[in-house]
Amino acid sequence: MGANATSLIDMLARMYCENGIISKDDEIVIASENHLANVTPWIKAAESVGAKIKWWTVTKCQQQQRNGAVESSSSVLSDLVNERTRIVAVSHASNIIGRVRDISSICSFVNQVTRNKGHVVVDG
C-alpha cells in the first residue's frame, strides 16, 4: 500500500483535491492532538484549493490567524462540523492526551450532518 502513514495520508489528501472531494470554501476539521501525518497533508490540501481549516481542540473555543485567514477551534465537534465539512482528521488513540475516540459515533455524526459528504480520516 505505502511506505508509512505519512505518505499514505499525503497521497489521500492530494487525491481528494484532484478529484474534487475537497474544493474552495469546503471545511476540514483537524483534531489538534493528531500526529503531523494527519495534520500537514490536510493543511496543504486546504491551502491548495481554498478550503477552511477548523481545529478540534482539547480546550475551549478560540480563533487564531494563519496566513491571513482566521481559523476557528472548539473542543466540541458539533461546533465545528456543518454541511461544508468534507474531512474530519482524527487519531483513534492519542499518545498526547491519552484519549481513545469513539470513531463509530464520530463517523455517524459526520455522515448525518454532512449528508454523507464528509469523510473521517483516522490515524491509529
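Modeller: Two strands are said to pair if DSSP finds at least two bridges between them. With that in hand, please ask about this model, which is a predicted one.

Biologist: Which residue in β6 does Ile-87 stand opposite?
Modeller: Strand β5, covering residues 85-91, pairs with strand β6, covering residues 119-123, and the two run in the parallel sense over 5 bridges. Within β6, the residue that stands opposite Ile-87 is His-119.

Biologist: Is Ile-96 buried or exposed?
Modeller: Ile-96 is placed in the loop between β5 and α3, and together with Val-58 and Ile-97 it makes a nonpolar surface patch of about 260 Å². Residues over 50% relative accessible area are classed as exposed. Because its relative accessibility is 58%, Ile-96 counts as exposed.

Biologist: How does Gly-50 count by its relative accessibility?
Modeller: Gly-50 belongs to the loop that joins α2 (40-49) and β2 (52-56). Since its relative accessibility is 36%, Gly-50 counts as partly exposed.

Biologist: Which residues does Gly-50 touch, not counting those up to four places away in sequence?
Modeller: The C-alpha atom of Gly-50 is separated by 9.1 Å from that of Ile-22, a residue 28 positions apart along the chain. Leaving out residues up to four places away in sequence, the ones Gly-50 touches are Lys-24 and Asp-25.

Methods. Residues numbered from 1 in each chain as written. Predicted model: local features only at pLDDT ≥ 70, side-chain atom pairs only at ≥ 80, totals over all residues. Heavy atoms only, no water. Helix = DSSP H or I, 4+ residues; strand = E, 2+ residues; numbered from the N terminus. Buried < 20%, exposed > 50% of the residue type's maximum accessible area, 1.4 Å probe, protein only. Contact = heavy atoms within 4.5 Å. Patch = residues over 30% accessible without salt bridge, like charges linked within 9 Å, V, L, I, M, F, W, Y side chains within 5 Å. Areas by Shrake-Rupley, 256 points an atom, 1.4 Å probe, with all protein chains shown as cover. Salt bridge = Lys/Arg side-chain N within 4 Å of Asp/Glu carboxyl O.
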